[in-house]
Amino acid sequence: MAAASLRRFRPSAADPWDRVKAAHLLNRAGFGGAPEEIARLASLPVEAAVEELLNFEGVPESFPAIDFSALHEMYEELLRARRDRADEAALRRVVQQINRANIVKFQELRAAWMRRMIETRRPLQEKMTLFWHGHLVSGLPETRVAEHMAIQLELFRRLAAGNFKELILAISRDPAMLSYLDNNSNRKGKPNENYARELLELFTMGIGNYTEQDVKEAARAFTGWTFFANTFVFRRDQHDDGTKTFLGRTGNWDGTDIIDIIFEQPATARFLPRKLWEFFAYQSPEESLVQDLAEVFRRSRWEIKPLLRTILLSEGFFSQQAIRSKIKSPVELVVGAVRQTGAQIPDEVLVRATDLMGQRLLYPPNVGGWPQGRGWVNTATVLLRYNFSGLLLNGTMPGALRRRTVPAGVDHLIDAARVRTTGDVIDQLVDRFIQGRLDGRRRWGLLRAFGTNREDAPWRLDGARSQEQLRSAVHLIMSMPEYQLN
Amino acid sequence: MTQGMTRREFVKKGMTMVAVGWTAPSFITRTALAMSNPWDVAQVTSRPGIPEDRILVVVQMGGGNDGLNTVVPFTNDAYYRARPTLAVPQKDVLRITDDLAFHPGLAPLKELYDKGAMAVVQGVGYPNPSRSHFKSMEIWHTADPEGRIVRYGWIGRYFDSKCPVCEQPTVGVNVGPAMPLAMQAESGMGVSLENPEAFQWIAGLDGIGAQEEQELFRLLNAPAPNEPGTIDFLRHTAMNAYVSSEQVRGAVRAYKGGIEYPNTQFAASLRLIAQMIAGRLTTKVYYAHMTGFDTHAAQRGVHENLLGQLAGGVAAFYRDLEAQGNAERVLVLAFSEFGRRVAENGSGGTDHGTAAPMFVFGKGLRGGLYGQQPSLTDLADGDLKHGIDFRSVYATVLDRWLGADPQKILGSGFERVGFI
C-alpha cells in the first residue's frame, strides 16, 4: 500500500492542474519559464506535461562543444619537452602556459553551461546534470584539467535519467573524479582511502551503513584504477589482488565487485531516492515514502527515469508541502530570472552572480556538494540575491558588475493591452515572478510602488513615471522573501 | 484599508504598525540604542572579573589538519618510521621543547609562542571519533558527539543564553560564504558577510527613488505572525542584514589600517575582522575559515603552504590588534574536524585520522603546552587516542573568557584547561 503522498496525482475541481502547478513542475523539473511557457504546459494533461519533460532524448538540441585542441597541443609539447630532457625553466614555462589555458577553459565551460541551462529545450536533462554535479562531486581546485570536467558533464547529461549503477561505475572511472578524490594515486600496499570513503558515505549508501574496515577494504579494491590523458586505465601492477572482506562478503574483489555489493544493500536503494525527493519535492520526507520510492528504484534495477516519473506525478509532489516551499539555489534563481524576463546579460556576469551567492559552478565547496535549503541564505547572500535584480534592471550588481551594460527595458514584462488598474499590473507581475498568492500586506506594499493604496486605481503604461514605477515594482518583488522560493 | 492618506503618512503609519502589531523584531530598537553607545547594552549583565568587551575569534581549518606534521614529535622514531617521505626532518623543525617542535612553516607563530601569546592544547578529540568530514565537523560545531538531537551550534547556544549584546544580529559575525552550524542560534542572531561593500541593499535603480524604496523594502520584508517557517526565516535574515548593514560598513570605514597582511584569502578575512573590531562593532564572536587541509595526496607542499597561510594571517592579525590596543580583548581559537592517520599512505599524503592539537592565541592567555602528546605506538585502529575532550576547551573559553555558564551550553563534566 503506497503512502498517500506517492499516489498518482489526480486533478479535481478542488485540486486542479493549473498554472500554479504547471509553474511548480517547470521550476522543479527545470528552471522555470515565462508566463507563455507555463500556460502552454498547463494546457496539456498533467501526464503529458511530465512525459514531455522526462522524454527529453527525442528533443533536438545542439550546443557547440568547447574546443580543447590548443590545450592538446600544449600537453603534447610538454610530453616532448620531458622526453627531450628540456631544462627546468622550459618545462615550467609550458606547465604555466597549460595552467593558464585551463583556467580560461574552465571559465568558458562555466559560461557555456550557464547559457545552456537558460536556452535548453531539455530542461530536465540540465536540471539532472546540475543535480549530479552536486551529488557526484568533482571540480576545482583538485581537478585542474578543464576538459576532464567537460567530459564529466557530458557523462552526467548522457546518464542524466539513465541507470544509477551504470553511472556509479562510470564515475568511478571518470578522470575528473579519479583526480578529485585521488584514486589516481591509490596503489597496492599503501591504499588511499579518499574515493572509497566518499563512494560509500556520500554517493551510494550514507554514513552508518558500513564500518571503517569496509572503507579500508574498498580502498584496496580500487587500487590501480587511474587514467591517462582523458581515458580510464587499469594498472594491474598497482592493483591489490589479495582477498578483501567488504560488507561481510569475502573474495578477491576489485572496484566493480565493490559496486555490485553496494547495490545489494538495502541502504543503497533508499539513499538516492531520498535525495532526489528532497531535490524535487520537499525536505525530510516520511520514512514510508522513502521506502516506497526505494521499492520503485529496486524494481527498475536502478533506472532513474521511472523514479523521476513516480516523483513528478505524485500527490506529494503537487501538495502544499512541496509547492513554493523550497529556497531556490543561486543557479535556479539566476537562470530562472533570465528565463522569466528574457534579459540579455553576458554569461560570465551571470556566472559571477551565482559565484557571489555561494554556488560556484565547477568549484563546489567540498565533496559534499552545496548545502541545500536554508543553507543558501544568510545575511550576505540574501542581500546579494536581492541586489541581483540590479543586473536585470540597470545592468549593475555590487561585487559582480559596476559598469552599466544594457539598461533593460521593462515594458515587455507586462501585457499593456490587458492592464486597466494597478491591481491588473500587479497581478501580471506576480504571475510572472512568483506564481503564487501574495498576502494583503505585501500586495499593499506593491500598490504603494505605484503611488496608490487602491487596487482599482487606473494605471496605464505611458510616460517616464509609469516606467519608473514598473522598475521599482520589479526591483521590490525580486527583493522579497517570496521571490526566493520555488 | 484607509484611503486618502498621503504617502508619507502611510509609510509612517505603516512602519508604526510594523513596529507594534506585526511582531517587529525587538532587536531593531535595541540595535538603534546600541549604535549610539556600543557597550551600553553590555552593561546589563556581566560577571565580576570578566571584562564585558572580550571577543572570541574562531578559526576553522577545514579538511582535517595533520596535527603530527604541525606540532612535530621530532625525537620519536615511531614518527619517522610511520612517515618515510612526509616526516618533517629534524634539522628543519622549530623546537618548543626537548621533544616537540613546530613545522617550519609556523615561524611567525613561534614568535607568538615565545612571547607567551599562544597555547597549544595537545591530543584533542572525542570518544568514538568519526572519520567522516561531515559528521565530525557537525560534532565539533554542535559539541554533541553522542548525537542527541542538537539543532543549534555551541556558539549559537551561547548567543541564546542571553549574553551581553546577544539580542543584536551582530553578536556573531561569520566571514565566509556560508553561516557555520556552530553559530546557528534559536534566536536567529548572527550575521554572515564576505565583502562589506556588497553588504547593503541597493535601492533606487532608476525607479521611484531610493528613499521610497527603502521604506517599502522594510514593509515587504517585515516578519509577520503565523507565516511558514521558511518565509519567516527569510524575512528575519533579510531584516538582520538590513539593520546590520550600516553598522558593519560604518565600523569598517573607521579602520585606519597600516598593518600589512599576507595576500591570502584567510588573511583578508582576519583583516576584515580586525577592521570590525577597530570600528567597535558590538560583536562577541567572529568566525573565519581556511580550507584545503584534506591532504590525501602530495601533502608536503600543500600542507606547508597552508600552515604558512595560517601563521602569516594570525601573526599579522595579532600585530594589528596590538597596534589598535585591542590585543587583550581578543582570543583566537583554531580547530580542525580531525587529525590524520599516523602512517602516510602511498600517495605522499595521509588519510583521515582522529586526535590533533588545537591552538589558542591572544595577549590575555597563559601561553605554553597543555595536555599530552598522544602515543604513536599505543594506537586505536592506526589512529591517535585523544587525551582532552574538545568540549573542555570550549568550556574553558565560555567560562573563563566569555563569562558564560558552560554547563547550560555544553552540559557538565568538562574540566577546564589552564590556558586562561
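This section describes the domain arrangement, the chain interface and selected local features of a predicted model containing chains A and B.

Chain A is divided into three domains: domain 1 spans residues 4–54 together with 265–312, domain 2 covers 330–393, and domain 3 covers 411–484. The centres of domain 1 and domain 3 of chain A, taken over C-alpha atoms, are separated by 32 Å. Their contact draws four residues from domain 1 of chain A and four residues from domain 3 of chain A. On the domain 1 side, helix α1 (residues 19–29) of chain A gives the most, contributing three residues. By class, this side of domain 1 of chain A consists of three nonpolar residues, no polar residues and one charged residue.

Chain B contains 12 helices and 12 strands. Of its 420 residues, 55% are buried. Among the contacts in chain B with a separation of 6 or more, 71% join residues 24 or more positions apart.

The contact between the two chains takes 51 residues from chain B and 53 residues from chain A. On the chain B side, the elements that give two or more residues are α5 (133–142), β7 (191–193), α7 (210–221) and α8 (229–253). The largest share of this side, 10 residues, is supplied by α8(B). The side of chain B that touches chain A has 25 nonpolar, 17 polar and nine charged residues.

One helix pair involving both chains was examined in detail. The axes of helix α21 (residues 440–449) of chain A and α7(B) come within 9 Å and cross at roughly 165°. Because this angle is over 145°, α21(A) is roughly antiparallel to α7(B). The crossing of α21(A) past α7(B) is left-handed. Arg442(A), Gly445(A), Arg448(A) and Ala449(A) in α21(A) meet Leu216(B), Leu219(B) and Leu220(B) in α7(B). Classified by type, the residues of this contact comprise four nonpolar, one polar and two charged.

Two further helices of chain A were considered for their burial. In helix α11 (residues 212–221) of chain A, seven of the 10 residues are buried, so this helix is largely enclosed by the rest of the structure. The buried positions of α11(A) are Asp214(A), Val215(A), Glu217(A), Ala218(A), Ala219(A), Arg220(A) and Ala221(A). Their cover includes α10 (194–204), β3 (244–246) and α12 (255–262) of chain A. In helix α17 (residues 347–356) of chain A, the buried residues are Leu350(A), Val351(A), Arg352(A), Ala353(A), Thr354(A) and Leu356(A). These residues of α17(A) pack against α5 (88–119), α16 (330–341), α18 (379–387) and α19 (389–393) of chain A. Just after α17(A), Gly358(A) adopts a positive phi of about 105°.

Several backbone features were also identified. Most residues other than glycine have a negative phi, and most peptide bonds are trans. The peptide bond from Leu140(A) to Pro141(A), however, is cis, with omega near -5°. Pro141(A) is found in the loop between α6 (123–135) and α7 (146–158) of chain A. Gln435(A), a residue other than glycine, has a positive phi near 55° and lies in the loop between α20 (422–433) and α21 of chain A. Gln435(A) is buried, with 22 other C-beta atoms within 10 Å. In chain B, Ala143(B) likewise has a positive phi, near 55°, and is placed in the loop between α5 and α6 (154–160) of chain B. Ala143(B) counts as buried because it has 23 C-beta neighbours inside 10 Å, where the threshold for burial is 20 or more.

Key. Residues numbered from 1 in each chain as written. Chains lettered and ligands numbered in written order. Predicted model: local features only at pLDDT ≥ 70, side-chain atom pairs only at ≥ 80, totals over all residues. Domains from an automatic or database assignment. Contact = placed C-beta atoms within 7 Å. Helix = DSSP H or I, 4+ residues; strand = E, 2+ residues; numbered from the N terminus. Nonpolar A, V, L, I, M, F, W, Y, C, P; charged D, E, K, R; others polar. Axes fitted to C-alpha atoms, helices over the stretch in contact; angles between N-to-C directions. Parallel < 35°, antiparallel > 145°, perpendicular 65-115°, else oblique. Left-handed = near helix turned anticlockwise from the far one by under 90°. Buried ≥ 20, exposed ≤ 12 C-beta atoms within 10 Å, placed from the backbone.
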